[in-house]
Amino acid sequence: MSLELWIGMLIAAVGTYLIRLLPLLWMQRRLTRSGENGPVDALPKWLVILGPMIIAAVLGVSLVPRTPDAAGWLATVIGLGVTLAIWRRTRSLGWPVVGGVLTFGVVVIVARSLM
């Protein structure tokens, strides 16, 4: 492997490590400073909203097909329907994702072969 690839991998590894380490250190310092208020008051209000906002953004991006043709939109709609149906029945996270991805793939393959 080339030197540039190793440098890129090192930078990505350090960046990934820091993304996880810095919030941990920040919250540890904030919790020790809060003292008598307790850990509930130490958590900033914006941090409570951040997780659901990120999930909503990822969901929004995932609902738009990469190639916005008829097959892509059809596969997205059917895959979403299957995902919701499996989730409603199982109330789990894993099986709906597997069912939705498999359905999306099958619909794309069948629809593009027919077009």
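Which side chains meet in a salt bridge? In this predicted model, where residues are numbered from 1 along each chain as its sequence is written, local features need pLDDT of at least 70, side-chain atom pairs count only at pLDDT 80 or more, and totals for chains, interfaces and linings use all residues. Side-chain values use heavy atoms, with hydrogens and water left out.

The side chains of Asp69 and Arg112 form the pair, at 3.2 Å from N to O. A salt bridge here is a side-chain nitrogen of Lys or Arg within 4 Å of a carboxyl oxygen of Asp or Glu, and by this rule the count comes to 1. Asp69 sits in the loop between α3 (45-62) and α4 (70-90), while Arg112 belongs to helix α5 (residues 94-114), so that distant parts of the chain, 43 residues apart, are linked. Asp69 is partly exposed, with a relative accessible area of 30%, and Arg112 is partly exposed at 38% (buried means under 20%, exposed over 50%, partly exposed in between; 1.4 Å probe, protein chains only).

Turning to the overall fold, the protein has 5 helices and 0 strands (DSSP runs, H or I of at least four residues for helices and E of at least two for strands, numbered from the N terminus). The radius of gyration is 21 Å, well over the 13 Å that the globule rule gives for 115 residues, so the protein is more spread out than a compact globule (taken over C-alpha atoms; the rule is 2.2 Å times the number of residues to the power 0.38). The C-alpha trace spans about 65 × 50 × 25 Å along its principal axes. Buried residues make up 16% of the 115 residues.
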